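Try each task before reading its solution.

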Amino acid sequence: MDTFLAALFSGTSRGAIYALVALGLVIVWRGAGILNYAQMGQAMFSTYIASTMITNGNSYWLAFAVAILVGAVMGVLLDILVMRPLSNKKKTELLSSQSMRAAIPVIASLGILGVLQALAGIIWAAEERGFPAPYAQEGFTVAGNVMPFTSFDVFVISVVLTTLGLTTLFFKKTGVGLAMRATALNSEVARLSGIRTNFTRSLSWAFSGAASSLAGLLITPTSNLSPNTLDLVLIIGFTAAVVGGLDSPAGAVIGGFLVGMVISFVSFYDTPEDVFLAILAVLILVLIIRPRGILGAKDARRV
Amino acid sequence: MHAVSKAKNHSIARKSLRRTIFFVALILFAASTFDAYNQAQLALVLILFIGVLSVTLLTGISGQLSLGQGALMAVGGYCMALLMTNQGYTLWVAIPLALVGSALAGLLLGISAARLTGPYLAGTTLVIALAIPTLANRFMSVLKGDEGLPVDVGYPPVWFTNLFGEPSYEQWQLYVALPFAAIALFLASNILLSRTGRMWRAIRDNETAAALSGVNFSRQKIFVFVVSATFAGLSGALYGLRGLVGPSVYPVSLSLLLLTAAVLGGIRSIFGAFIGTVIVVFLPDWIDAVLHQFELSEQVSNFMPALVSSLLLILTVVINPAGVAGTHLHKHK
């Protein structure tokens, strides 16, 4: 029973973070039609900046805010410097086919990931370092028993839920959100209706960068920080996004919690080493049974 | 009609053969001028060249982006290592058998993944690249976990030493890899020039149009996976022969290295695959040679090769997506 509760709680707080990562992936996928493999590289970079600020004596919350801002700015820069020039090259012979148009941005984002990781290694050295949590990481005590749930977990879950709520409100209720949804649906028509699609695309990148930086800040207190630690988080976030439906923000959240539970139960009842086999199994099952994901609208495969 | 296509096939085979002979002559000439360290590097180029060819065929020719070639290399490596350590086969028997194993793995992967499009395929193969090496710990008794299975190229047979004299260990590594690389080059060149290559390019450019022209594209897509997996398996087996077959030998970064090499050189051409492999293998040495003149800390010089190759990757994709080999070289009719 204790193991079950521990797995359940750890699955919830980890799942919240994976939901955030998946949301970041989904926003860029909808906004720009690109799966951004560099996303957690950006998060790693901005978390390192926050870490440096804290060791230099700044407050946690200032570093927190700066890291999220840096994440957003980095997203916009990537869009303007790399991805936009790429999508303007559609007319060249190599990018004339649909399959290569999907492949080339993926390769570019892998290049960006490599650059960010190498830069982080050069600037901050490759040793693992810890990252502070703003609240205690000791379990609550209920009736003399230490529960597997900490005040940091409460903080993580409430931050993530607030972010998800605000994002939904932004997309549903504001004019810019509507413009972004229109661009995601059909960018040609959106442009003809007077929406500045370049602007909304960059905005998607900014949102995704901020969301993934937030995820990086929330996950590093429990996993340490090195140039490569967040790669695995990206893979888990990708699985979560596919499980929920790559074009559905709500699906990403559900997928995040689901995958979080799977990982947590596998590592508590089996060994943590089997986590990736479990993820692969989940991914392949979803792609066979319901390729569009739980809430997705478009199939991942053609027959 | 039949006679015409037969004559055409002959001319394709002759062209591929000419390329292969030129390639072998070039490698042998280069090897004779290199020192021991560079001969080992050249052997590595030959080994990775086969792996890069598997990316060229899969991504460049048929348009399916896979980030999991390292996992297929691991399959080839483990099959060979098991046959060599448990059954006591020599590598000349174990490698062809291992290729059957990797072709089967490619068939499985093709059946499950060939229907996926673009980023879904890339992500799924990335998860596979991460998950397959952890199998080594799952089946500890057979696959020996993180320790892995030590294998090496061994010593040259007596007739070889009698004929060509005693080669050094690095030279023998090179001579083992060369025939396999030559066969891989010959086959890849044949595929690219022939009807199969045209079908794969047609699928890449437009699936509907290819289907209307009579290409059974779901079968061909699976076939691409099988061929590409065989190439990757061969590369992985030879890669393991450098000393060890284990999970740490086939990390995700190996898959990304192959992709980087293919893109830098030119993702649609065999010549590009070779140039790209030479670049990624020798880049760290070149950077070392340049950085040597400045007094830099180890922290900087350790990450410089990764930084430069990633920057080159981005620049290639944004400025010249055709790569070093350029567009004019891969306009096969």
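A residue counts as buried if 20 or more other C-beta atoms lie within 10 Å of its own, and as exposed if 12 or fewer do. Keep in mind that this is a predicted model.

**Exercise 1. Decide whether Lys144(B) is buried or exposed, and say where it sits.**

Start with the location: Lys144(B) is in the loop between helix H7 (140-143) and strand S1 (149-150) of chain B. Next, count neighbours: Lys144(B) has 20 C-beta neighbours inside 10 Å, so it counts as buried. Last, check the backbone: phi of Lys144(B) is near 65°, a positive value in a residue other than glycine. For background, most residues other than glycine have a negative phi.

**Exercise 2. Work out which helix of chain A gives the most residues to the side that touches chain B.**

First, size up the contact: 45 residues of chain A meet 42 residues of chain B. Then list the elements of chain A that give two or more residues to that side: helices H3 (60-87), H4 (98-124), H9 (231-244) and H11 (275-289). The top contributor is H4(A), with 18 residues.

Now look at H4(A) itself. Its 27 residues should span 39 Å at 1.5 Å a residue, and the end C-alpha atoms are 40 Å apart, which agrees. Of those 27 residues, 22 are buried, leaving the helix mostly covered.

**Exercise 3. Find out how the reach of H2(B) compares with the expected span, and how many of its residues are buried.**

Helix H2 of chain B covers residues 36-61 and reaches 36 Å from first C-alpha to last, close to the expected 38 Å. Of its 26 residues, 21 are buried, so the rest of the structure largely encloses H2(B). After H2(B) comes Gly63(B), whose phi is positive, near 75°.

**Exercise 4. Check chain B against the compact-globule rule.**

For 333 residues, a compact globule would have a radius of gyration near 20 Å; chain B has 20 Å, so the two agree. Buried residues make up 52% of the chain.

Note on methods. Residues numbered from 1 in each chain as written. Chains lettered and ligands numbered in written order. Predicted model: local features only at pLDDT ≥ 70, side-chain atom pairs only at ≥ 80, totals over all residues. Helix = DSSP H or I, 4+ residues; strand = E, 2+ residues; numbered from the N terminus. Expected span 1.5 Å × (residues − 1). Rg over C-alpha atoms; globule rule 2.2 N^0.38 Å. Contact = placed C-beta atoms within 7 Å.
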